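Colleague: I have a model open and would like to walk through a few side chains with you. Could we start with the rings?

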Amino acid sequence: MSAFKRRTTSKQPPLPSGTRPSPGSPATTITSSGIPSLDDILGGGLPLSCSLLTLAPDAHSAYGELVVKYFAAQGLSCGQRVCVVDSRPDSFLSECMWIPGNNVPPAPSTNASGLSHTTPAEDEEDERASEHDTKIKIAWRYEQMKQFQTTVQSTSQSTEDFCRTFDLTYRIPDATIAATRAEGRFIEVKPDENNSDVSSLCRKVLRRLSEILSSADADASSNVATRICIPALGSYEWGDLLPSDICCFLHSLRALLRRHPRACAAVCMPPHLCQEAFGGAGWVQKLGWLTDASITLAAFTANPYLTAMFSSHHGLVHVHSLPAPHTLLPPSDKFSTLRGLTSSGENNLAFKCMRKRLIFETLHLDVEGGVSERRTTPSANSIAAEAGDEHAHDNDHGSAGTQPGSVAAVQVQLEQTQIAPSAPEQPVKSAPPAEKTDTAVKKVKIKKKVGFISDKPDLYDF
Amino acid sequence: MPSLLSSTLAQTSRSQHCLLLQSSTAQSCLPVLRALVKQASERTRETTVLFCFLYPPSSFLDSLRTQAHHIRIVNRTANVPGYEDAFETQKDWIAALKSEILETVRSAPQGPLNVVIDSADTLLSDIGSLAETTHLLSEVFGVVHSRGGSSRLIIHALAPCPLIPILTQTRFSSSLTHITAHPPALLTHLSSAYLTPPPPLSPPEKFWGVFIPISERHYESEKLVFGQNGEGSGPQEFVVEVLVRGGADGSGKRRGIERVLEGWSSAVGGPCDLRDLESLRTLWAKKLVYETQAAVDPTQNLSFNLNLTPEQQRSRAQVPLPYAHEGKPAETTRTPAAILYDPDSADDLDDDDPDEDLDI
């Protein structure tokens, strides 16, 4: 194998900022969608020259638009050009989330997207690694097993450039918007601009997009990728669209993106257009064939039955198609941990919108018969490092359960373990640790999350 | 518990600006609309603009009230597209209709404003285009929303209408109250055929899981009401489903979505509880009250003692478990670890190293 060397051209054009080569196929350049778990589902990120369609058929929430907002915010933050196709692009962009910083204004408490908000205390319980690890007395062998992970963590190394961590409680500062507009990185396309004849609005938008992309390509010096964001394709500003008009638009958009390979697009449609009542039978599949990546976020905001059944999630995720611009199979099949095709069959996916972020997770049903608790910690994204405390709890309990003198009582202070014969202290110590474990049990929040990682060691590896 | 419907009628919330009333062929929601208009007209400090497209104004307000200065009525029941000579083309007629609506709304005097559209599906068929109707309604809603306070846009529509899914979206209005009328026959059908009576008698999640799909299939309600065993539709008593999205409740806390079922009775002349509806009396009579079942406890009534005294519990807790300390740092014993071995008779303990004379 070593005799054959790949002939690399010494002059390779540098990649645009905010992009990297795809692990699955080095010829593809991928860029982040702003949400690390969605990037994982797509196989690392959204490839340039591909379009992402998000369907959100629930009328009482706006998660599809939230995904497009993440997409736009990510584009702005890593120096790419963002083109917003909407009748009110300013208000769309001003509602986008941003990186928390010193001079960033926090968002006002009213949120126009109608998402249900949990109280801050509940969110912190969600995000904190709960101190629920009471020492297991029966299945003690499982104690050394690795914790399960339900979602991917954004690996800290070299991702700051690729995907920024956004905070939903912060909005883009007006200064940043003005600066990007002055640099020419924020372009607006309004479908209903001239109140011209309504029948050809789609073609007008496509023509305008084509002009923008051609002028961006002609500008050879700058190496900036372009993101096209369409938060509501088919809303009333676009006129009365038939299903065939939408199909034609998506098809032409994909052709446009292939002609200008440094651009990508994220499209979202209003809820009434995502359903088969509008497009006929097989509508969702058709949309999946017309775009490179297509997902449905089926939220259960208004359905008390589903909300009660999946109480820790806000909706289900269905994947209809995945991007594979230069390969036969989508790289996501091999590289996606969330979808889990390489390990144990395809996982069900769900999403959850917490106060600060939106994450996609694997969804696992309860065991029949009501055992609803499995010993897992919340997703690794949100773990506050409290490993030291865990050890403290375990060893405390251990010391409480022994007779003085039979086993050396281990006295723990944070992360240090000191072996000290503490016979006289035993009776004093036995009372508080017992109480502590009682309260620790009461604080347990029911977590039902389980996930399997393919490249980690085997489950029963001790 | 205060009825959600009555609080909606009384307009107690300051953040709900859009109210959508949905009727169907099986059950009409007009009595609720009439009560709303009547209550709005009684509030003299608010302006009420009533657009009548299908139902004559006299069906909402008696002639005395129509003269009041804070009520404006636009009566377009006689304006039918294609039968008006004043306009040459259909487009002009539509443009005139839209401008009349917008002008009336914008020219209302300052202060809280209630705009009532009595039939949105008639408006849609007049204009002809779903996008233009949505555009018009968004502009009207924008005016109402800017007035603030207890201003409301009240729209009544007959399902199935393509406008209803658009009006329920968050893009149209972030807060919404959606009132749907259902025939009582639907609830009795659910409790007899699906064994799922309404909420206090069965768990709410189970009930809504069964109710929501069947209520969205309008032909089922029509079959129940107009079919062989049906009794026909009547406005005397009906079931009202109230869905409230966004806004804040009385304590100021924001809530997500709230969905309840209540009743409307013409005998009372207003909202009532489900239990007070005559047609549903058979449901409550059965007294199938849902109780959380206490799990049968097998440790009761035994002939032997399973309990531990506190001393026994304490000594049990102190028993060191086998293997429980595996992997933990070993105890420091007083004697160093050593192997104690008694040599056998066949053993040959020789201290020489047999490899000593190896010379490599």
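Colleague: How many aromatic pairs does the structure hold over all chains?
Modeller: Bearing in mind that this is a predicted model, the structure holds 14 aromatic pairs over all chains. In one of them, the ring centres of A:Tyr63 and A:Phe351 are 4.8 Å apart and the planes stand at 65°, so this pair counts as edge-to-face.

Colleague: Where in the chain do A:Tyr63 and A:Phe351 sit?
Modeller: A:Tyr63 belongs to helix α2 (residues 63–77) of chain A and A:Phe351 to strand β13 (residues 348–353) of chain A, so that the pair links distant parts of the chain, 288 residues apart.

Colleague: OK, and on to charges: which ring does the charged end of A:Arg20 sit over?
Modeller: The charged end of A:Arg20 sits over the ring of A:Phe162, at 4.3 Å from its centre, while that of A:Arg227 sits over the ring of A:Phe71, at 4.5 Å from its centre.

Colleague: Switching to chain B, is B:Ser202 buried or exposed?
Modeller: B:Ser202 has a relative accessible area of 5%, and because buried means under 20%, B:Ser202 counts as buried. Its place is in the loop between α8 (184–193) and α9 (204–216) of chain B.

Colleague: What does the side chain of B:Ser202 reach?
Modeller: The side chain of B:Ser202 reaches the backbone oxygen of B:Pro197 at 2.5 Å.

Note on methods
Residues numbered from 1 in each chain as written. Chains lettered and ligands numbered in written order. Predicted model: local features only at pLDDT ≥ 70, side-chain atom pairs only at ≥ 80, totals over all residues. Heavy atoms only, no water. Helix = DSSP H or I, 4+ residues; strand = E, 2+ residues; numbered from the N terminus. Buried < 20%, exposed > 50% of the residue type's maximum accessible area, 1.4 Å probe, protein only. Polar contact = N/O pair within 3.5 Å; in protein donor to acceptor, adjacent residues only side chain to side chain. Phe/Tyr/Trp six-rings, centres within 6.5 Å; stacked < 30°, edge-to-face > 60°. Lys NZ or Arg CZ within 6 Å of the ring centre and 35° of its normal.
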